[in-house]
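Let's walk through this structure together, one question at a time. Keep the sequence and the 3D view open as you read.

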Amino acid sequence: MPHNAIVVNLNLCTGCMSCEIACKQENGVSLGQYWNKVFRVGPQGTFPDIKQYWLPTMCQQCENAPCVEVCPTGASYRDENNVVLINHEVCIGCKYCMMACPYGVRSWNTDEKVVEKCTLCPQLTTLGKKPACVHNCASQCRYYGDLDDPDSDASKVLARFNESDIHVLKDEGNHPSTHYILSEKIGTWEMGD
Amino acid sequence: MEYQWPLVIFTVLAGGAGWLLFFTALNELTGTITLTKVRDTALPIAIVMLIAGGISSALHLSHPERMMGALAHPTMGIFTEALFVGLCVLVSVVFMIMVRREASTKALKAVAVVTLILGLVLNLMLGYSYMMASRPEWDTLLLPLAYFGTASILGATVYQLIAVLRKVDEKGIAHTGWNTMVMGVLAGITAFAYAIASGALAGTETVHSTTLRGISLSDVAVGGLGGSTAVLLWVGVLLCGAVIPVLCGFLIKRKPEKAVWVAVIAVVSALLGCGAFRCFMWAAGIASINMFQML
Amino acid sequence: MGTTFTRRSFVKTAVALGAAIVTASGTHRLVEADGAYADPDTDTSAVTIVPTVCRACIAQCTVLASVRDGRVINLEGNPEGPMSQGAMCAKGLSGIQALYNPNRNKYPMVRVGERGGNEWKRLSWDDATDQIADKLMDAYNKYGPEAVFASTGGGGNPHISGPIRFMNSFGSPNNFEPGCAQCYLPRQTQARLVFGGGKDDNLSIADSNVLEFYFTDSQVQSCVLWGAGPSWSGPSMTGRAMAALRDRDQGLKTVVIDPRFTADASKADVWLPLRPGTDVALMMCWIKYIIDNVLYDADFDQKWTNLPFLVDPDTKYCLHADVIGGSSDDYVVWDDNTGSVQALPFPYDDALDAALFGTYEVNGKQCPTGYQVLKDACDEYTLDKAAEICWLDADRIEQAIHIYADAEYSTLIHGLATDQFPNSAQAALAALELECMMGHIEKPGAALQRFGCFAEENGKGAGIIPNDTFGMGCLQALITYDMLEKRLGSNEHKGFLNWQMAHIPTVLEAITTGKPYKPRIWLERSGNKLAAVGNAKSWYNALPEIDLVVHSYMYPTSFTIEAADYILPMREWLECPKPVLLMNKVFPRQEVTHLWETCDETLMWSRLAAKCAERGHDGCRRAFIKSEVAPGKSKKIGNFEVGIEDGYPWAHSEDELVGLFYNECGDYNPDIPTFDDLVEKYAETGYEWATIDEWRQYGFYKATDPSTGKPHGFGTVSGRVEPYSEITTRLGRTGFPFALCEDGCVEDLTPSSVDYEPVPYYMEPYENPADGSDYPLVMTEGRVPIYHHGTLRNVPYLREIMPTAEIWVNPKDADEYGIADGKWVKVSSRRGETYARAVVTSGICTGAVYQERFWNPELLDKNTGKNLNGSWMAENVNVLTKNDAPFSDVYGTYTLRGFQVKVEQVDGNPYDVWTEPTDFQPWMPLTGDDIAPTVEEADPWASIPSEEAE
Ligand SMILES: Nc1nc2c(c(=O)[nH]1)N[C@H]1C(S)=C(S)[C@@H](COP(=O)(O)OP(=O)(O)OC[C@H]3O[C@@H](n4cnc5c(=O)[nH]c(N)nc54)[C@H](O)[C@@H]3O)O[C@H]1N2
Ligand SMILES: Nc1nc2c(c(=O)[nH]1)N[C@H]1C(S)=C(S)[C@@H](COP(=O)(O)OP(=O)(O)OC[C@H]3O[C@@H](n4cnc5c(=O)[nH]c(N)nc54)[C@H](O)[C@@H]3O)O[C@H]1N2
Ligand code: SF4
Ligand code: SF4
Ligand code: SF4
Ligand code: SF4
Ligand code: SF4
Ligand SMILES: [Mo]
């Protein structure tokens, strides 16, 4: 099974918000709801010796996804391509998955009254295209691909960096797949390791 | 996180009902004869509380019509909670029927054992569903324990009120007063232990403020001891949920004849305290990294 | 599951598509949008991909638009674009929400009732333009052409030259743009004077220049971003290019000089958060340091700059060899080999060793070299002095200079910041001087290049886009000498001549005082002037003095409501056809769709010109005739090409319009595709008019010019780069080389009242924190990545991200003035007050605050607007800025940055502006029946002759 994920090189990310709009546009995400959101982290240090980086966030495609574990209906599920998704038809809106997600990256769709989140854009990737946020990223610093395939864009960019520059959001045993590249020169990783 | 009222109500009612069943069953087993007539009122009340709680929890769902889907997908959490609520209702009904049909003492004791266990397990389950790694303030066994403890005082005071209303003899009423005092202490200790050990009182720091968003994420982190969560804890959980009921229990034990108003106050106070603890939990339950702030 | 998915079907398999339209205004949940990825069951019509080019900012990223049933349903970057390479930013991606915005101007309108009352009546285009033309001609006959003036926008608009062309046809000299003297005019003009390249060959990366930076194989090792924020002022173009350079193994060593910790600063090696408005002091310190430590490129300076030329201290002009009996074409240097004054022929005489510094006697007069004059001018700016003026640390300045000067391949990128205070000319000059001194000229890694010249010399590219966006010179053949003299403020500040623009404060003064004459009719075609000009209130107060205001725009703004009598609806970029030049390729921006009765702005000007011609206006009649406007009178003075360019006449139709921008104008070249071909065959890949290798070549100046057998040199009078800018002085005294009119380039305009200096000098910002005033903080501005100027404040997805103006305050200042993060504050200057929400961050230097432009369309809405004025007063930094003297001597620049303010925390949301994401729901795109596709009308002015009558 593939292990598809997004990798973001924060050394290059400029916090331009393009990925946020690309995602909303592609997926028709309503106002006040997010599948992808960019945060400023910092400044770290004291003026004028400061560092700052931006952290684009979306579903981290956990290997042990707590959202799937707690979902009482199976609406949150892992599909045959190993992607954690939500079946809107089955979701009863209990929000347990939202509580269980360690990163708060699930979104409540007030129109349909179901939970939704980043899908990794299968409607594009199954056609061989990149997810909207990856394709349009202004700094071209988002990568998508199979982490187990050394030839994927995602694996190739990770291979260029030292372990110490590669991070994941605080792992509570859920093993997030999204990887972030951040070198000490640009910023100090603050989101757990 | 915002208070989830339907779930607050559900866990209060179901928890209280579970304890009510516990006390009823316990009396069946230990045989304080004078309290037997309490049983006849307590069982239907427990059933009503369980059903009302169940309905309330369904109100929390945006698509209750799809709820049957949950049955097809057994997991820990909601499914088991629902299961135990159902089992408690079932056993209470059976208990009632057996009482009506004047079943043998042995049979009644047997059903009482089942009822007692179900009442306790339901109470543990109710809090256990919230233990999740994503919310560090919830991810401690002290949480189900505190759910257990804070519901116990509700069960005890309701049981006590029924005893008073059914004009049970002084000894019996004094006995329920004892229950109340013990459970009040249990509620206070478990709630306080949770509040301290979970770090909920310390407040949580989230990500930094964001340039292009005009809001500061750190603004929404819970306040420390001085914040509104602390008020909830001191006034709601500890004063209403423990101190006042214990005092009531004490008064009732001393003067069982003048117990009605005191018993009512004890129930109301315990109800508030039990609810307050659940609210406290919701307020404290900030995800370790809550990016979208959707909950 | 199959291999194709409805865009959301993957996650909600069984929902009928119709159910996706949950809220009528929830745009993207429309049936159309959902079908973007063909769903075999429900999809009835196919999706077409229309390649086009974005113009939501002044960059131009290539785009693939998905269209179904005429509706644009999705946008994404087109990877074929050589500059954006498939990236697309938040502003561009918002094109759909801008296009289908419920508030679009849909039909021409005339105001009924009072100005400011916001009551309008629909008119036909014909009626509207007839009525306007009648009024224009009345004023023309009664008061003369100067009674009319125009203004335009500083970017985003497809054809910035439209109003200039109209004014030139109409015979009025006055047209302005709120950028101009405050944006790019100083840097662009000064580069033409010093470097002598083409219009786009300068140090400004945000204006789609610095093309060397688009190549990851560039040898560039380090760069200085001086008051420039490329990552936010062109995210998917300049920002993408910067990211790609940083991503190389060698990275890109960077110095950022900016009071604000920008995205670029966060990636830099040294950040110099200087006091706003003090750049020239720092630049002069760099010049001094580089001279004192001999870090300059002596060989280049000697052979290819005018720095060794001896200067007559009385005239400030360089000496020509006729003073020592030689040719007046040659200059004069001190030769260290012979210890004597010698003539220097072009390009150089290898027998000479021209002295760079020193003062030497020529005919009994002490004549310094240009370098010596520069050195003397900078002498007081030691590291310590600069550190004190600029609030910096001397060691850090030194470290920064070394990053710049020690690398073999380095360059300086000069941003907008210094164009916004009166020292603008000197900053523009000093930055160019640094690059010249370092020899960063047409060499690998350098910003200053003339790519394309080799290809053009080989006959490639002729006929391609003779007038691009910054083609400021057009219809110059219709300008009279009188108009040059009468243009408001441009005689005093002759830099304006380069763009044929007027000085905004002088126009305002003329309106309010009637001196030297009274402008009465205002044709404005851009967004919200009240949000873009300095000291907005001074313009608001002048509105009653103006008899007629016509506003041409895509949606109503504060300006429309407060000022306009007529509204002419304009097209969005997704509706405008135009060829776009991107390096060695041309791409068509296409008319992806076209809605209501919106008009291409160039056609609108044609239409007005035709109506005036019909009413007997001779200039407007001549403007339709090619031979009248394309006389091609140009000549070379030295290597500087002066004179009027071939103009292109007004278009009679849309087809003609795109042709005029392309090929059919100037020298028609049958080898390049027509616009239709471009659309049909090259829309996605672009038409390559030269290969990338032919196009990207260094060192054009050194290559031999086949016509002379000598090196090309530079397009300056001396053929060298001219960091000693004697031509700037000459400009002020004569108008040369920019005083262009029907007579060609004239040299006898009234001299400016002050002499323009050939070397820089430092001016302390006019409002100075050292004066211990009530306004203790220094305000500055700069771009955010999600808005372009005043645009897009009506786009829900963008306002959701940044709903209100923000002011950055350093924690130290926040402490001192009692300001908390996220709270509303009142910001006041000596001119007014406005509001913003505070972001407390050490990303702004202590003592300074930062706020970007903002206005609030929601306060115009009749139902919600309690206070219409609030739309431009609530959160508008331009209520605070300053538009009176001092001005830049050369360019007339006023003070938009580096002035003083006071910041106080207040309660609540003072104007009740929208702050919550769902507040913006009413602006979600229109759907279905609310959108009317344009019914193409016959071009009503086809009868205007395009040939001279026999
Ligand atoms: N305080 C302060 N003030 C500033 C600046 C600053 O930094 N600080 N920056 C200055 C600078 S650099 C500039 S360039 C100016 C810009 O200020 P303006 O030029 O007034 O800004 P806009 O009106 O937003 O820009 C031009 C408009 O043209 C619109 N447009 C696009 N296509 C068409 C079309 O076909 N027809 C018509 N009619 N319009 C079209 C764009 O949407 C855009 O709104 O602001 C200046 N003002
Ligand atoms: N997103 C977006 N992109 C744009 C535009 C837009 O409005 N929005 N406008 C377009 C236009 S017309 C232009 S002119 C360009 C401008 O693009 P840039 O040249 O990048 O201009 P700014 O970002 O306005 O200013 C550059 C930097 O100068 C800093 N600064 C402020 N005061 C000073 C000072 O006194 N000294 C120094 N050294 N730095 C200072 C600001 O903090 C800012 O980061 O952007 C273009 N691109
Ligand atoms: S990040 Fe959250 S939503 Fe995504 S897989 Fe992990 S737990 Fe589930
Ligand atoms: S809200 Fe929906 S997806 Fe989430 S746990 Fe409940 S049923 Fe599952
Ligand atoms: S992969 Fe698709 S759904 Fe996920 S953040 Fe990117 S654009 Fe959004
Ligand atoms: S689009 Fe790319 S550069 Fe911009 S914020 Fe997103 S990840 Fe960062
Ligand atoms: S930078 Fe953004 S707004 Fe500007 S042209 Fe490119 S995509 Fe459009
Ligand atoms: Mo500009």
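Q: Which residue of chain C forms a salt bridge with D49(A)?
A: In this predicted model, a salt bridge needs a side-chain nitrogen of Lys or Arg within 4 Å of a carboxyl oxygen of Asp or Glu. For D49(A), the closest N and O atoms of the pair are 2.8 Å apart. The partner of D49(A) is R396(C).

Q: How many salt bridges does the rule find across the interface of chain C and chain A?
A: Side chains of opposite charge can pair when their charged atoms come close. The pair of D49(A) and R396(C) is a salt bridge of this kind. Across the interface of chain C and chain A, the rule finds five.

Q: Which elements of chain C give two or more residues to the side that touches chain A?
A: Start with the residues themselves: by class, the side of chain C that touches chain A has 35 nonpolar, 21 polar and 12 charged residues. Now look for the helices and strands that give two or more residues to that side of chain C. They are β3 (71–77), α2 (90–93), α7 (235–246), α8 (263–266) and α28 (796–801).

Q: What area is buried between chain C and chain A?
A: The contact takes 68 residues from chain C and 63 residues from chain A. Carbon and sulfur atoms give 55% of the buried area. The area itself is about 5,200 Å².

Q: How many residues apart are R122(C) and E597(C)?
A: Over all chains, the structure holds 53 salt bridges. One of them joins R122(C) and E597(C), with the closest N and O atoms 3.2 Å apart. R122(C) is in strand β5 (residues 120–122), while E597(C) is in the loop between β20 (585–589) and α21 (601–614). This pair links distant parts of chain C, and the separation is 475 residues.

Q: Are the rings of F166(C) and F170(C) stacked or edge-to-face?
A: Both residues lie in helix α5 (residues 162–170) of chain C, four residues apart, which is about one turn of the helix. Planes under 30 degrees apart count as stacked and those over 60 as edge-to-face. The ring centres of F166(C) and F170(C) are 5.8 Å apart and the planes are at 20°, so the pair is stacked.

Q: Which residues come nearest to ligand 3?
A: The shell around ligand 3 has 13 residues. By class, they divide into nine nonpolar, two polar and two charged. Those that come nearest are C59(A), C62(A), C67(A), C101(A) and R106(A).

Q: How many residues of the shell around ligand 4 are charged?
A: Ligand 4 is surrounded by residues of chain A, including C71(A), C91(A), C94(A), K95(A) and C97(A). Lys belongs to the charged class, while Cys counts as nonpolar. The shell divides into eight nonpolar and three polar residues, and the number of charged ones is one.

Q: Which residues are closest to ligand 6?
A: Around ligand 6 there are 14 residues. They divide into nine nonpolar, four polar and one charged. The closest are C13(A), C16(A), C19(A), C137(A) and S139(A).

Q: Where is P43(A) found?
A: A cis peptide bond joins G42(A) and P43(A), with omega about 0°. The place of P43(A) is in chain A, in strand β2 (residues 36–46).

Methods: Residues are numbered from 1 along each chain as its sequence is written. Chains are lettered from A and ligands numbered from 1 in the order in which they are written. This is a predicted model: local features need pLDDT of at least 70, side-chain atom pairs count only at pLDDT 80 or more; totals for chains, interfaces and linings use all residues. Side-chain values use heavy atoms; hydrogens and water are left out. A residue is near a molecule or strand if one of its heavy atoms lies within 4 Å of it. Contact means heavy atoms within 4.5 Å. Buried area is the accessible area (1.4 Å probe) that two parts lose on being put together, summed over both. Rings of Phe, Tyr and Trp (its six-membered ring) pair if their centres lie within 6.5 Å; planes under 30 degrees apart count as stacked, over 60 as edge-to-face and the rest as tilted.
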